[in-house]
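User: I am new to this protein model and would like to learn how its features are read. Please take me through them in turn.

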Amino acid sequence: MAQVPQTFFDALAVRTWCGLALEALGRAREEIDAINVYPVADGDTGTNLYLTVESAAAAVDAVFIGHEAGSIGHGASAEGTVPALADAVRAMAHGALIGARGNSGTILAQLLRGMAQVLATDSDSAHADASGLRLALRHAADSARQAVAHPVEGTVLTVASAAADAAIGAEGDCGTVARAAYEGARAALAATPHQLAVLERAGVVDAGGRGLVTVLAALVETLTGERPVVAASHARVPVDSPGECEPVQEGGPAFEVIYLLEAEDAAVARLRERLDALGDSLVVVGGDGLWNVHVHVDDAGAAVEAGVEAGRPYRIRITHFGVGDVHTTGGERPPRERVQRAVVAVVPGPGLAGLYTEAGATTVLARPGEPPASGELVQAVRRAHAREVVLLPNDAELRHTAAAAAEQARAEGIRVALIPTRSAVQGIAALAVHEPERRFDEDVVSMTSAAGATRYAEVAVAERQSWTMAGICQAGDVLGLIDGDVAVIGADVTATAETVLDRMLAAGGELVTLVLGDEAPDGIAGHLEARVRESYLAVDTVVYRGGRQGALLLIGVE
């Protein structure tokens, strides 16, 4: 990528900046992860910032590719032409918003959105001058602070404000403004341990602020061609000095909940109030109908339900803070130790996500038509922070994606076993026999055996006419699928589910698992439970609520 000085800020500069920032965060990721002690010592700030910028960079690249294709399609040469600045910065902001990870990544997304709101004011302008860049940095810092429910000094917000203050006072071209912002941020970063006690005790600077300094250094390199030396991450005390830290104060929220939300402004205002009452570390960024919501809570289900009431939440991610992930509300970060073993599972609905999370698994939520990418699975494996990981894809269509994620995690030194579960009910069966104290191979064999001994089915509604193993179905027909194939076509959901259940139990079984979707008919669970109780001796039934999971009903028979 070209690294030549530019006196103004245009679409090419945006693309170069995103690329250089991504490279720089890639180099600094592990260092930033290691100093992550606030608000939760979960060791993922560097990774979250990297993934956020990766999404932003991909969105900007897509704008350039589309622009070049459009130029060629109209008979012009794409060489030498670039998109408008407004298109590039809007893409950068949107990409960061939909790809934001964690507390710091969400705040960075709002910083980029704040810049874009200023730089895209004139949609026809090819570039911004130093004055525009100064105003963009100022608005970015202010909007990010407004997005955080309870701003804390000594964090990335402080660093962003210092960068904006320095930029406002700088005279010269865009390169001069960028360098002033970088130097202001660097000085503020060095002071963060004196503003936040948890940082001072750990002997480190703020991890999110360290990431922002890295991003601003990339902006300096973009506009001047020179790469600044980024400030050190450690203060006067080594980060892992045993015996020098005060006791950890635990007791903070147990879960991190993140989701994208389609909602109106008024609904989001009410959502902020409700989530603020549920937990802490609340950050809500975005606008124009699309938002990214981040909060730490004890009741993950309530946080998701609040989103459902506000609009349409999706790409929901719920992470359980493990024993080593201390919520540092004024406490201290213990030595960062990996747990021995963890389970990572893909689940189709928020209800099941809560169930899996309560059982100790790290979850990745997959909405219908939006399967997770291998990168999301790798990130979940990293979040689990374990030496050994059991991966449950819970979908036959995800086997190649999960295999790719497992390979990448193994390359990072993590021992990963992929159990080819094809349904969430098979995953439940596997998780039920999981025993972390056993030898890894024995645990994997036991979980694989439990999953394999579980037949799975689902009841759904046909979206269109189609040929199936059971004949031709019409749009609106009720389909009963057993082990992935359509076995029953009916008109009534409860009757179809009963037929499917009878066919499954004809081969025997000891336990029936029912997972109800939001649109399952009232009374269907009671009807099926009664059917099992009256017709099949010594067969137990358990019922879970899966929420918006795509299928009306999931059935498992062990």
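This is a predicted model: local features need pLDDT of at least 70, side-chain atom pairs count only at pLDDT 80 or more; totals for chains, interfaces and linings use all residues.

User: How many helices and strands are in the protein chain?

Analyst: Helices (H or I, at least four residues) and strands (E, at least two) are DSSP runs, numbered from the N terminus. The protein chain has 18 helices and 18 strands.

User: Is Val37 buried or exposed?

Analyst: Buried means under 20% relative accessible area, exposed over 50%, and partly exposed in between (1.4 Å probe, protein chains only). Val37 is buried, at 1%, and lies in the loop between helix H1 (11-34) and helix H2 (45-73). From C-alpha to C-alpha, Val37 is 7.3 Å from Val198, although 161 residues separate the two in sequence.

User: At what angle do helix H13 and helix H14 pack?

Analyst: Axes are lines fitted to C-alpha atoms, for helices over the stretch in contact, and angles run from 0 to 180 degrees between N-to-C directions. Helix H13 (residues 374-384) and helix H14 (residues 399-411) pack at about 45 degrees, their axes 8 Å apart. H13 is therefore oblique to H14; angles under 35 degrees count as roughly parallel, over 145 as roughly antiparallel, 65 to 115 as roughly perpendicular and the rest as oblique.

User: Which residues in H13 and H14 meet?

Analyst: Contact means heavy atoms within 4.5 Å. Among them, Leu377 and Val381 in H13 meet residues in H14 including Ala405.

Methods: Residues are numbered from 1 along each chain as its sequence is written. Side-chain values use heavy atoms; hydrogens and water are left out.
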